[in-house]
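Subject: Structure for your review

Dear colleague,

Please find below the structure that I am handing over to you.

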Amino acid sequence: QQPSIAVLPFDNMSGDKENEYFSDGLAEEIINALAHIPGLKVIARTSAFAFKGQHTDVRRIAEVLGVANILEGSVRRSGNRIRVTAQLISAADGSHLWSERYDREMADVFAIQDEISQAIAAALQVKLAPKADVRRYTPKLPAYEALLRGRHHLFKFSPESWARAKECFEQSAGLDPGYAQPHADLGLGYFLAGTTGIQPLREVAALVRAQAQKALDLDQSEAGPHFLLGAVAASHDYNWKEAAEQFRVAISATPVAANARWAYASVFLQPFGRFQEAVAEMLREVEQDPLNVSWRAILASHLTHAGMYDRAIEEARKAVDLDDNNYVPYITLTETYMATGRFVDAIAAAEKAHRIAPWNSLPAGMLAGVLVRTGDKKRAEEIVRQMGDSPAPVMGRVLYHLLCSETDEAADWYEKVIEQREPFALIFAAAPVNQCLRESPRWPKLARMMNLPETVS
């Protein structure tokens with residue numbers, strides 16, 4: 001059986017609640033170090049941190065996350081001193097496989113992380129990769145702390161938290177010009193801002209590229225920036241050769257960067273109708289991060305586009321169980337129910353999505369389209385009127401016209417989606433909901449605008 005581990009967030013034992021970012025960051029750094037070990041299954045941060053502050057039984061956590069071992073610990077900071085305790089627990093019987101206490105200077109925090117990783121590798125009898133064994137670059141401590149603060153904010157991902165994260169990453173890069181990581185994280189932040197609608201992708205694409213390139217110039221060995229370059233080449237430049245090369249490097253790395261599989265599956269494999277491969281990538285992502293509602297919702301969407309409707313519904317419902325306030329699973333449920341003729345269920349799902357995210361035109365467009373199909377044209381027209389002439393994202397209008405079988409209108413709006421460089425142009429290109437447009441005389445021009453084949457096999 002493959003050795004497996006989840007690293008829980010370390011308890012912040014310092015009197016100051018402000019030090020939370022540091023204890024969380026230390027656990028995340030250990031996750032990153034362990035992820036470099038070939039053959040070791042390491043649960044991603046989102047899922048490992050889902051139990052924070054809940055005092056859940058270790059065996060229950062291991063069962064939910066599908067791992068055999070749990071690492072937990074605590075951090076206490078006082079002045080320039082740090083005390084870290086860590087224990088590795090076997091979930092089978094709750095026994096301690098290893099434990100250690102470190103009393104050191106703050107400057108030794110990097111050595112402590114490396115020692116913990118090595119001790120775990122020894123306890124689980126897995127070999128550290130040569131690369132994992134040697135810390136390539138030791139950043140200046142203030143730059144490192146600014147990076148951890150930035151990640152703490154980035155993780156909450158809202159317009160406000162992104163603005164604060166950006167400030168921290170820029171500060172980190174300024175404090176240590178040789179440090180690659182703040183540039184990689186800045187690039188990721190810009191990319192997420194561009195794909196979640198916080199900023200238009202057209203505005204941030206050059207910034208994503210510049211930061212990813214800077215990170216690679218400083219540290220060639222990191223694979224994360226490659227997926228960012230691949231994602232921009234695909235979703236902004238429609239340069240498929242460049243995208244293929246960058247994603248190849250990113251996806252073959254150990255570890256694969258956190259957002260890489262999602263980007264590869266969504267904006268590279270999907271537009272070419274490579275749905276089975278896209279599903280396989282998202283299944284790997286979900287296995288590593290089973291409690292991440294976004295990944296599960298995206299997996300459900302890929303299953304829908306692959307025509308695997310029953311499994312899509314199952315995964316979307318699991319996503320809803322994880323977070324009933326996330327609109328993405330409900331959009332997928334709407335799409336799936338429409339594809340299978342379950343109009344009553346489709347209306348219920350679309351209503352729910354629209355209620356959660358009234359500001360987003362995807363649920364609005366789908367709800368209006370479903371209402372037209374089921375005869376409530378008056379309410380549909382009211383929703384479309386509220387969306388206005390510049391809906392965000394524009395794709396909401398396309399979906400509305402597709403559901404109403406209004407191919408010419410759908411094509412007109414699709415052109416705008418492409419001009420705006422919304423990733424949805426690629427995500428829906430080969431999707432079942434887009435079939436009537438793909439079979440129309442309007443499609444070849446749209447396909448050429450994205451450098452896609454004019455017919456999707």
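The notes below describe what was found in this structure.

Please bear in mind throughout that this is a predicted model.

Strand β4 and its partners

Strand β1 (residues 4-7) runs parallel to β4 and is joined to it by three bridges; here Ile-5 stands opposite Asn-69. Strand β2 also pairs with β4 in the parallel sense, over two bridges, and Ser-74 is the bridge partner of Asp-11. With strand β5 (residues 81-90) the arrangement is antiparallel, and ten bridges join β5 to β4. Within that pairing, Arg-76 has Arg-83 as its bridge partner. β4 and β5 form a hairpin with two residues between them, and Gly-79 in the turn has a positive phi of about 60°.

In soluble globular proteins, nonpolar side chains tend to be buried together. The largest nonpolar core in this model has 140 residues, and those with the most contacts inside it are Phe-10, Leu-71, Ile-116, Phe-247 and Tyr-414. Helix α12 (residues 260-269) gives the most to this core, namely eight residues. A second, separate core has eleven residues, among them Ala-350, Ala-364, Ala-368 and Leu-371.

What does Leu-71 touch, if residues up to four places away in sequence are not counted? Its contacts include Ile-5, Ala-6, Val-7, Leu-8 and Phe-10, and also Ala-86, Gln-87, Leu-88, Trp-98 and Ile-116.

The second largest pocket

The second largest pocket holds about 380 Å³ of space. Its lining is made up of 20 residues, and Pro-9, Asp-11, Phe-51, Gly-53 and His-55 lie nearest its centre. By class, six of the lining residues are nonpolar, nine are polar and five are charged.

Leu-188 touches Leu-154, Phe-227, Leu-228 and Asn-259, leaving aside residues up to four places away in sequence.

Lys-416 is located in helix α21 (residues 407-420). Its relative accessibility is 37%, so Lys-416 counts as partly exposed. Lys-416 and Gln-171 are 245 residues apart along the chain, and their C-alpha atoms are separated by 37 Å.

Backbone details

Where are the cis peptide bonds described here? One runs from Thr-254 to Pro-255, with omega near -5°, and Pro-255 is in the loop between α11 (240-251) and α12. Another joins Ala-392 and Pro-393, with omega about -10°; Pro-393 is in the loop between α19 (377-387) and α20 (395-403).

Positive phi values also deserve a look. Arg-421, which is not a glycine, has a phi near 60° and lies in the loop between α21 and α22 (424-427). Asn-451 is likewise not a glycine and has a positive phi of about 55°. Asn-451 lies in the segment after α24 (443-449) and is partly exposed, with a relative accessible area of 46%.

Yours sincerely,

A colleague

Notes
Residues are numbered from 1 along each chain as its sequence is written. This is a predicted model: local features need pLDDT of at least 70, side-chain atom pairs count only at pLDDT 80 or more; totals for chains, interfaces and linings use all residues. Side-chain values use heavy atoms; hydrogens and water are left out. On a 1 Å grid over the protein atoms alone, a cavity is a set of points where a 1.4 Å probe fits but cannot get out, and a pocket is an open set with protein on both sides within 12 Å along at least five of seven lines; lining residues have an atom within 4 Å of a point. Grid points are joined across faces, edges and corners, and a volume is the space filled by probe spheres set on the points. Ala, Val, Leu, Ile, Met, Phe, Trp, Tyr, Cys and Pro count as nonpolar, Asp, Glu, Lys and Arg as charged, and the others, Gly among them, as polar. Two strands pair if DSSP finds at least two bridges between them. Helices (H or I, at least four residues) and strands (E, at least two) are DSSP runs, numbered from the N terminus. A nonpolar core is a set of buried Ala, Val, Leu, Ile, Met, Phe, Trp, Tyr and Cys residues joined through side-chain atoms within 4.5 Å. Buried means under 20% relative accessible area, exposed over 50%, partly exposed in between (1.4 Å probe, protein chains only). Contact means heavy atoms within 4.5 Å.
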